Amino acid sequence: MTKIAKRIQAWNVEADKLHNLTDALGVVKANAKAKFDESVEIAVNLGVDPRHADQQVRGVVQLPSGTGKDVRVAVFAKDKKAEEALAAGAEVVGAEDLVEKIQGGFMDFDRVIASPDMMALVGRLGKVLGPRGLMPNPKVGTVTPNVAQAVKDAKSGAVEFRVEKAGIVHAGIGKTSFTVEQLEANAKALVDALVKARPSGAKGLYVKKISLSSTMGPGVKVDTSSAL
């Protein structure tokens, strides 16, 4: 508890101040005091009610500066597509054998991609992959005939986003070792993707609040106009 208290006391941030995006990222980096390379997270409060079908927000965005993470990819594919997925860098590729492996507890992956003909098989894993947000979906490009490109995208900075019950989208936009310019490019790419994904049922102010934080750091409020 003492170590936590000292870390909090070392934070230098005005809790209620609205910062422009560039300054906010500088504050996040300055307050990242952990001994590891912390992730930088963005939280965007949208003017939607996800309980309604016409107010869902979901999609994928390619972060120009990458994520800083080593994304492990599992692919459901056969024959030539399986070979293409492996050549593109997928960690594990299979069909019935991969279903059995996952049913047996194997979960050493961060993204699941499937060719369309494999979805009947993948459907058996709905109760395992669904709650973890790993179920392949054509809306975010993880069900595709071009599995090789999907693997490359996942490895080079593709990030899925989905609005939560409270109308908030959380996503990682890089590491504190990134430059402010790299983080800013990623943050703007994500916000732009959210704006483009605005659902038909959203009324009034859409991007209501934005905040940034590192894994172990304080939240920093962002002036939404500077991120749009």
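## A salt bridge between the domains

The side chains of Arg-111 and Glu-160 form a salt bridge, with 3.7 Å from N to O. The model is predicted. Between domain 1 and domain 2 the count is one salt bridge. The domain assignment places residues 6-67 and 157-226 in domain 1, and residues 73-155 in domain 2.

## The domain interface

The centres of domain 1 and domain 2, taken over C-alpha atoms, are 28 Å apart. Eight residues of domain 1 contact nine residues of domain 2. About 670 Å² is buried between domain 1 and domain 2, and carbon and sulfur atoms give 41% of this area. Arg-58, Ala-158 and Glu-160 together supply 66% of what domain 1 buries against domain 2, more than any other three residues.

Four residue pairs are in polar contact across the interface, counting pairs with both residues at pLDDT 80 or more. On the side of domain 1 that touches domain 2, strand E2 (58-62) and strand E6 (158-162) are the elements that give two or more residues. The largest share of that side, four residues, comes from E2.

## The three-stranded sheet

Three strands make an open sheet in the order E4-E3-E5, with parallel pairing. Strands E4 (92-94) and E5 (111-114) are at the edges, and each has a single partner strand, so one side of each lacks a neighbour in the sheet. From one strand to the next, the twist averages 15°.

Strand E3 (residues 73-76) pairs with E5 in the parallel sense over four bridges. Arg-111 is the bridge partner of Val-73 in E5. Helix H4 (residues 96-103) lies across E3 and E4 and runs at about 120° to E4.

Terms used:
Residues are numbered from 1 along each chain as its sequence is written. This is a predicted model: local features need pLDDT of at least 70, side-chain atom pairs count only at pLDDT 80 or more; totals for chains, interfaces and linings use all residues. Side-chain values use heavy atoms; hydrogens and water are left out. Two strands pair if DSSP finds at least two bridges between them. Axes are lines fitted to C-alpha atoms, for helices over the stretch in contact, and angles run from 0 to 180 degrees between N-to-C directions. Contact means heavy atoms within 4.5 Å. Domain bounds come from an automatic or database domain assignment. Buried area is the accessible area (1.4 Å probe) that two parts lose on being put together, summed over both. A salt bridge is a side-chain nitrogen of Lys or Arg within 4 Å of a carboxyl oxygen of Asp or Glu. A polar contact is a pair of N or O atoms within 3.5 Å; within protein, one must be able to donate a hydrogen and the other to accept it, and residues adjacent in sequence count only if both atoms are side-chain atoms.
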